[in-house]
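Student: I have a sequence and a structure to look at, and I would like to go through the terms used to describe them.

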There are 2 protein chains.
Amino acid sequence: MVPGNMTHDDLTTTLGKIPLFASLDDDELGVISHATHHHRLLRGEMLFQKGDPALGFYYLVEGQVKLALLAPDGQEKVIQLIEPGMTFGEAVMFIERPFPAYAEALRASQLLFIPRTPLIEALNGNPGFALKLLAGLSTRLHGMVNEIEALSTRNATQRVIGFLVADRGHDDPDTLALPASKALIASQLNLTPETFSRVLHDLQQRQLIEVDGRTIRLLDRDTLLGQEEPG
Amino acid sequence: MVPGNMTHDDLTTTLGKIPLFASLDDDELGVISHATHHHRLLRGEMLFQKGDPALGFYYLVEGQVKLALLAPDGQEKVIQLIEPGMTFGEAVMFIERPFPAYAEALRASQLLFIPRTPLIEALNGNPGFALKLLAGLSTRLHGMVNEIEALSTRNATQRVIGFLVADRGHDDPDTLALPASKALIASQLNLTPETFSRVLHDLQQRQLIEVDGRTIRLLDRDTLLGQEEPG
DNA sequence: CATCGGCATTGATGAACATCAAGAGCCGCT
DNA sequence: AGCGGCTCTTGATGTTCATCAATGCCGATG
């Protein structure tokens, strides 16, 4: 289970840093880390397909992964972009259902796969862990409701603004670098690249943002927020 | 805590029938039922507003409730229709966030409000309960992913078909009664009533369904499923 | 340095669905 | 039976965004 260049202790340490696992003691962590697998993916490789059985969840150590679906017409719709330190697949693990989307590496990546069995064991006798898991899932669910709200009540410009002003916890809240190609971000916002481009152009003309390649500077956060107009 | 026409034992019995609570013993159930409140709503009354703190979850005993949002332009978008026997609000309870949507009674309704505190106590020392909760939330999350998929990759007709063929666990799977007005169903599918009407009309012309008021008969389930064309 | 290929922009057109505006059917009510 | 208020339908028009098709840009590579 321990990958070539990572000792078992390294692995346990890494797992211990996952917020989800904060309430586990060393023994519990040890059991889990013994069951954990290490994965390496090259850019473009698939981690799992939509429909694959979900027997555990993933932690992204390094690289970048996208979760996406194919539309009936073959178009790809990106659900979420996974960055290092994030986990995914926790939800599906607890029900007997397959993954609802597929996962593909956008660049060379390293992941940990944590199988469900030792997790469920850790659940027994560690209510704190259960609560953490519940809170984690709830947060996801909350995010999903927001996503549905965005998709069903906001137009293209509002969705782009929502994305731009979203707090990324960076040092400078008014400058952001797009985490991927514009086409991919567009797909996440359920837009075509063309429309995304036009919206950015328009916002720039209106002096609300400044675009330089993948770097965007928010010039007038207040007016932007005004355009968003929450329900 | 016990409503006028419902004894404490009645209440405990009712709670015991909630699948979520199946793994609780009588003591645990007793604690929870002591904390439970009974609510009555008239048609049109609000149960909670979007933004209200979520201090517990609800179980619908009788009546009908809708969860909905307001779009920036004041339009209402129905998220979910709650029928007797269903619970809602479990997810939000575990994070320190307010309700992401509001709840309004569509007809005179009776509900139980189960506060979070005794639940969290039951979680301690009852891992089975934790697992049930996790499974419940996961199922919701799964449903949300499907909803996002529907909203972002399917057109009006495909969404309507998806709604029509959805298994409602009835005796006759090919006949269904719309659970609410067409306008409300349309909103759930993120359509205007006009578009919904036109889609139904079109499907009827193509001999795929038969519409009589709120009763719809599926004449050719196979062809319908073919139109849906999953990714 | 020249060229190639992916990414991004821009313009012209089109399709899907919303909006606006009437009217039709269908109650329950007096 | 006749009225008023719903819900639902139907038609005409409008808006938003996708699609199609060039073209520009830029970094990588021989």
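This is a predicted model: local features need pLDDT of at least 70, side-chain atom pairs count only at pLDDT 80 or more; totals for chains, interfaces and linings use all residues.

Student: Why is B:Phe129 called buried?

Tutor: A residue is buried if 20 or more other C-beta atoms, placed from the backbone, lie within 10 Å of its own, exposed if 12 or fewer, and partly exposed in between. B:Phe129 has 21 other C-beta atoms within 10 Å, so B:Phe129 is buried.

Student: What makes a residue a contact of B:Phe129, and which ones does B:Phe129 touch?

Tutor: Two residues are in contact if their C-beta atoms, placed from the backbone, lie within 7 Å. Leaving out residues up to four places away in sequence, B:Phe129 touches B:Ser23, B:Leu24, B:Ala122 and B:Leu123. B:Phe129 itself is found in helix H5 of chain B. Helices (H or I, at least four residues) and strands (E, at least two) are DSSP runs, numbered from the N terminus.

Student: How many residues of chain B are in contact with chain A, and which element of chain B gives the most?

Tutor: By that contact rule, 42 residues of chain B are in contact with 41 residues of chain A. H5(B) gives the most to this side of chain B, with 21 residues. By class, the side has 25 nonpolar, ten polar and seven charged residues. Ala, Val, Leu, Ile, Met, Phe, Trp, Tyr, Cys and Pro count as nonpolar, Asp, Glu, Lys and Arg as charged, and the others, Gly among them, as polar.

Student: Which residues are closest to DNA strand C, and which helix has the largest share of the surface?

Tutor: DNA strand C is surrounded by 16 residues, the closest being A:Ser181, A:Lys182, A:Ser197, B:Asn155 and B:Thr195. H8(A) provides the largest share of the surface, six residues. The classes there are six nonpolar, six polar and four charged residues.

Student: How do you know that E8 and E9 of chain A pair?

Tutor: Two strands pair if DSSP finds at least two bridges between them. Four bridges join E8 (residues 209-212) to E9 (residues 215-218) of chain A, therefore they pair, and they run antiparallel. One of the bridge partners in E9(A) is A:Arg217, for A:Glu210. In the hairpin of these strands, with two residues between them, A:Gly213 takes a positive phi near 60 degrees.

Student: What makes E7 and E8 of chain A edge strands?

Tutor: The open sheet of three strands in chain A has the order E7-E9-E8, with antiparallel pairing. E7 (175-177) and E8 each have a single partner strand, so one side of each is left without a neighbour in the sheet. E7(A) and E9(A) pair over three bridges, and A:Thr175 stands opposite A:Arg217 in E9(A).

Terms used:
Residues are numbered from 1 along each chain as its sequence is written. Chains are lettered from A and ligands numbered from 1 in the order in which they are written. A residue is near a molecule or strand if its C-beta atom, placed from the backbone, lies within 6 Å of it.
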